[in-house]
Amino acid sequence: MASELRVNTLKDAAGANSVAMEYVAGGSAKAWVSYKGTATNAVKDSLNISSVTDASTGRYLPQFSNSFNALDYLSQTTGNNADGPVAANDYDQMTTSSGDMRYKSSGFSVADTKYAVQSFNGDLA
Amino acid sequence: MASILKVDALQGVTSAGDIAVTSEGGSATQSLQQGLCKVWINFDGTGTISTRDSLNVSSISDEGTGYYQYDFTNAMSNANYSASGTGGNNDNNVNRVVQFGDGYTTTALDLNTGDGAGSPSDRSVMGSQIFGDLA
């Protein structure tokens, strides 16, 4: 049977290591994705991601299953040095329902990367 | 009324590894475990490298200028996890390029960092975090 627990604070049984639910909810990632950006492209693992679009060389667009409530969420992006050493979030193109990962080579030309990862913190709708 | 729950472990009822939490806006639910950061580290990557603070990190090694590897205390269940890294210097706060190396395994992650020209370079403030499934 499903159950729902409403509390303000969690502590261990000794009464230590206190954490407010505000930090449990606010401190948890709301979406993350591990994506293979080279052939054959594939989502390796994810949370709250319905799909990833290979938009162009060095650009991938993860779509959220559940949207964020505003465009003020935090995104972090990293890639693999062998093929796409420069990784960036494109905040101008992000929406409440999709992220945007961009990768370039050391010569700053767009380039695919085999480890394309992005994580998101913020408030879901 | 404020409430405090004192426990040493939380488990889901239907599935031990899955506890749902309601979104801030109230229109979605999401797995608590999946959203938790499973590994993180803040370390000084210059000189004799040293860990400032960490979660689930057993050791860190200096693999050469701009090359680091840190090992997990509890392994990930697969190498499909989502990791991120960032680096900078205390002196000028200039962020540098941080990438993954080929060591992207269930027990360790390679981080490489370079200067603005792409040459390997040590950084005094290095950070990394991992989301995914623990074994």
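**Strands across the two chains**

Reply: Gladly! Let's start where strand E1 of chain A is joined to strand E1 (residues 4-6) of chain B by 3 bridges, the two running parallel. In that pairing, A:Leu10 stands opposite B:Leu5. This is a predicted model, in which local features need pLDDT of at least 70, side-chain atom pairs count only at pLDDT 80 or more, and totals for chains, interfaces and linings use all residues. Residues are numbered from 1 along each chain as its sequence is written, with chains lettered from A and ligands numbered from 1 in the order in which they are written.

Me: How do you know which residues of chain A are in contact with chain B?

Reply: Two residues are in contact if their C-beta atoms, placed from the backbone, lie within 7 Å. On that basis, 38 residues of chain A are in contact with 37 residues of chain B. Strands E1 (9-11), E3 (31-36), E4 (42-47), E7 (74-78) and E10 (116-121) of chain A each supply at least two residues of that side.

Me: Why are E5 and E8 of chain B said to stand at the edges?

Reply: The open sheet has 4 strands in the order E5-E4-E11-E8 (chain B), with antiparallel pairing. Strands E5 (50-55) and E8 (82-88) each have a single partner strand, so one side of each is left without a neighbour in the sheet. Elsewhere in that order, E4 (residues 39-44) and E11 (residues 125-131) of chain B are joined by 5 bridges and run antiparallel. There, B:Val39 stands opposite B:Ile130.

Me: Why is chain B called more spread out than a compact globule?

Reply: The radius of gyration is taken over C-alpha atoms, and the globule rule is 2.2 Å times the number of residues to the power 0.38. For 135 residues the rule gives 14 Å, but chain B has 18 Å, well over that, so it is more spread out than a compact globule. Its C-alpha atoms fill a box of roughly 50 × 30 × 25 Å, taken along the principal axes.

Me: And what secondary structure does chain B hold?

Reply: Chain B has 1 helix and 11 strands, in the pattern β-β-β-α-β-β-β-β-β-β-β-β along the sequence.

Key
Two strands pair if DSSP finds at least two bridges between them.
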